[in-house]
Amino acid sequence: MHMTEDAAGSDEFDLFGGEYEPSPVPRIRDQVALFQATDGTQGNTLEDRPVVILTTIGARSGKVRKNPIMRIEDNGIYVAVASAGGAPENPSWYGNLIAHPDVLVQDGRAVLHLRARELFGAEKQRWWPVAEHFWPHYPEYRQRAAGREIPLILLEPIAR
């Protein structure tokens, strides 16, 4: 994994130097490994749509966790949609973002240090069409979630 110039030597990235615990889900674990081994040239899609690797710190374990998420980006701001395919519960990485909002996003070779901020109300409604442009299954997932409000999280550059 290549760090951006900004990341190299930054103490903020020490947070991500801890023990990495791969996903127990083989599909996720294998996709992350392939993506990172090839600097994002392989393992970089889901249904022919681009993904990025989201690196979080485990809310309970404190270990480094990595998950492929849809690449939803607008002017340097990424959006993480905690859809879990419309499952009744949020994906585990959502709890990690809430507990530890500083994250890394690997988009191809670039690794970006970003800060997570959950969206609510009108701001959330403004971002849904952006997310749906990148992944058209979100309306179906929202229906399938039946009662669970799917979180949208902005992953924004950290002001220096």
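User: Is arginine 117 buried, partly exposed or exposed, and what is its relative accessible area?

Analyst: This is a predicted model, in which local features need pLDDT of at least 70 and side-chain atom pairs count only at pLDDT 80 or more, while totals for chains, interfaces and linings use all residues. Residues are numbered from 1 along each chain as its sequence is written, and side-chain values use heavy atoms, with hydrogens and water left out. Buried means under 20% relative accessible area, exposed over 50%, and partly exposed in between (1.4 Å probe, protein chains only). Arginine 117, with a relative accessible area of 32%, is partly exposed.

User: With which side chain does arginine 117 meet in a salt bridge?

Analyst: A salt bridge is a side-chain nitrogen of Lys or Arg within 4 Å of a carboxyl oxygen of Asp or Glu. The partner of arginine 117 is glutamate 123, at 2.9 Å from N to O. Glutamate 123 is partly exposed, at 23% relative accessibility.

User: How many salt bridges does the structure hold, and which residues does the pair in helices α3 and α4 link?

Analyst: There are 12 salt bridges. Helices (H or I, at least four residues) and strands (E, at least two) are DSSP runs, numbered from the N terminus. Glutamate 132 and arginine 142 meet at 3.1 Å, N to O; the pair links distant parts of the chain, glutamate 132 being in helix α3 and arginine 142 in helix α4, 10 residues apart.

User: Which side chain of opposite charge is nearest to arginine 148?

Analyst: For charge, Lys and Arg count as positive and Asp and Glu as negative; His and the chain ends are not counted. Arginine 148 is buried without a salt bridge, and the nearest opposite charge, glutamate 89, is 8.2 Å away. A polar atom of the arginine 148 side chain does lie 2.5 Å from the backbone oxygen of serine 83. Arginine 148 sits in the loop between α4 (138-144) and β8 (152-157).

User: How many residues does the largest nonpolar core have?

Analyst: In soluble globular proteins, nonpolar side chains tend to be buried together. A nonpolar core is a set of buried Ala, Val, Leu, Ile, Met, Phe, Trp, Tyr and Cys residues joined through side-chain atoms within 4.5 Å. The largest has 20 residues, and Ile72, Val79 and Trp128 are among those with the most contacts inside it. The elements giving two or more residues to this core include α1 (26-37) and α3 (121-134). A second, separate core of 15 residues includes Ala80, Tyr94, Leu97 and Val105.

How values were computed: Polar contact = N/O pair within 3.5 Å; in protein donor to acceptor, adjacent residues only side chain to side chain.
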